[in-house]
Amino acid sequence: MISYISGTVAEILPDSVILDHQGMGFQIFMPAGDLSRLERDGDIRIHTYFQVREDAFVLYGFLKKEELELFRLLIGVNGVGPKAAVTILSTLSPDDLRFAIAGGDAKLISKAPGVGPKTAQRIILDLKDKMDLESILEKNAEVPAGPSGETAASTSQERKDAILALEALGYSSSEILKAMSTYPADTQMDSESWIREILKKIGLRI
């Protein structure tokens with residue numbers, strides 16, 4: 001098992017990087033977003049997944065552990081191989097992918113080249129239970145201590161009611177969740193206020 005490789009960027013290719021590690025050049029396949037952040041001759045640590053095939057040994061890499069964790073979840077889905085998983089992570093950011101899975105947005109996932117609606121639905125079906133909606137919404141919040149007990153339950157229900165109402169207006173779950181995640185974890189509003197605030201974020205559709 002190769003957990004990570006540290007080295008110097010020797011060459012950046014369209015789908016991979018050649019990393020110089022102690023005089024050896026490792027080709028590591030990476031999502032497009034990660035490749036765009038690399039600099040030639042720059043020193044970097046890449047978190048890796050080592051695939052052993054009958055005809056080859058292949059390294060896949062990611063700048064952040066959270067991307068590697070999502071990659072591992074994706075390749076655990078029947079019909080999703082490492083190349084498809086990298087393609088998905090090249091098309092969607094980790095947060096967008098989580099929102100799409102949690103919100104059941106197969107249309108967004110199927111925007112990844114080579115990923116059809118059936119595969120997207122399979123990803124959602126297999127991984128939705130692994131996506132904690134409340135944790136996703138609160139992921140970026142810097143709050144000393146969130147609401148607890150009855151207050152927390154009430155806040156969660158108001159959010160869910162707002163999500164259902166906004167979906168009925170034609171908004172996708174993923175864009176609603178993404179907008180909600182920009183508010184602090186302890187934000188307390190009734191469902192109507194949530195709807196008004198989210199509409200300000202993503203725009204009213206006529």
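Colleague: Is the crossing of α4 and α9 left-handed or right-handed?

Modeller: This is a predicted model. Helix α4 spans residues 94-102 and helix α9 residues 173-180, and the two pack against each other. Their crossing is right-handed.

Colleague: Which residues of α4 and α9 make the contact?

Modeller: By class, the contact has 4 nonpolar, 1 polar and 2 charged residues. From α9 come S174, L177 and K178. From α4 come D96, F99, A100 and A102.

Colleague: What is the orientation of α4 and α9 to each other?

Modeller: Two packed helices are described by the angle between their axes and the distance between the axes. Here the axes are 8 Å apart and the angle is about 125 degrees. Roughly perpendicular ends at 115 and roughly antiparallel starts over 145. The two helices are therefore oblique.

Colleague: Now the sheet. In what order do the strands of the closed barrel run?

Modeller: The barrel has 5 strands, with mixed pairing. Neighbouring strands are turned by 55 degrees against each other on average, direction ignored. The order is β1-β2-β3-β5-β4.

Colleague: How many bridges join β4 and β5?

Modeller: Strand β4 covers residues 43-52 and β5 residues 57-62. They form a hairpin with 4 residues between them. V52 stands opposite F57, and Y49 stands opposite Y60. The pairing is antiparallel, over 6 bridges.

Colleague: Which residue in β4 stands opposite G7?

Modeller: Strand β1, residues 4-12, also pairs with β4. That pairing is antiparallel, over 5 bridges. Opposite G7 stands I44.

Colleague: Which strands does helix α2 touch?

Modeller: Helix α2, residues 65-75, packs on the sheet. Its direction makes about 15 degrees with that of β4. The strands touched are β4 and β5.

Colleague: What kind of aromatic pair do F29 and Y60 form?

Modeller: The whole structure holds 6 aromatic pairs. In the pair of F29 and Y60, the ring centres lie 6.0 Å apart, with 40 degrees between the planes. Stacked needs under 30 degrees and edge-to-face over 60. The pair is tilted.

Colleague: How many residues apart in sequence are the parts that this pair ties together?

Modeller: F29 lies in strand β3, residues 24-29. Y60 lies in strand β5. The pair therefore ties together parts whose separation in sequence is 31 residues.

Terms used. Residues numbered from 1 in each chain as written. Predicted model: local features only at pLDDT ≥ 70, side-chain atom pairs only at ≥ 80, totals over all residues. Heavy atoms only, no water. Axes fitted to C-alpha atoms, helices over the stretch in contact; angles between N-to-C directions. Parallel < 35°, antiparallel > 145°, perpendicular 65-115°, else oblique. Left-handed = near helix turned anticlockwise from the far one by under 90°. Contact = heavy atoms within 4.5 Å. Nonpolar A, V, L, I, M, F, W, Y, C, P; charged D, E, K, R; others polar. Pairing = 2+ DSSP bridges. Phe/Tyr/Trp six-rings, centres within 6.5 Å; stacked < 30°, edge-to-face > 60°.
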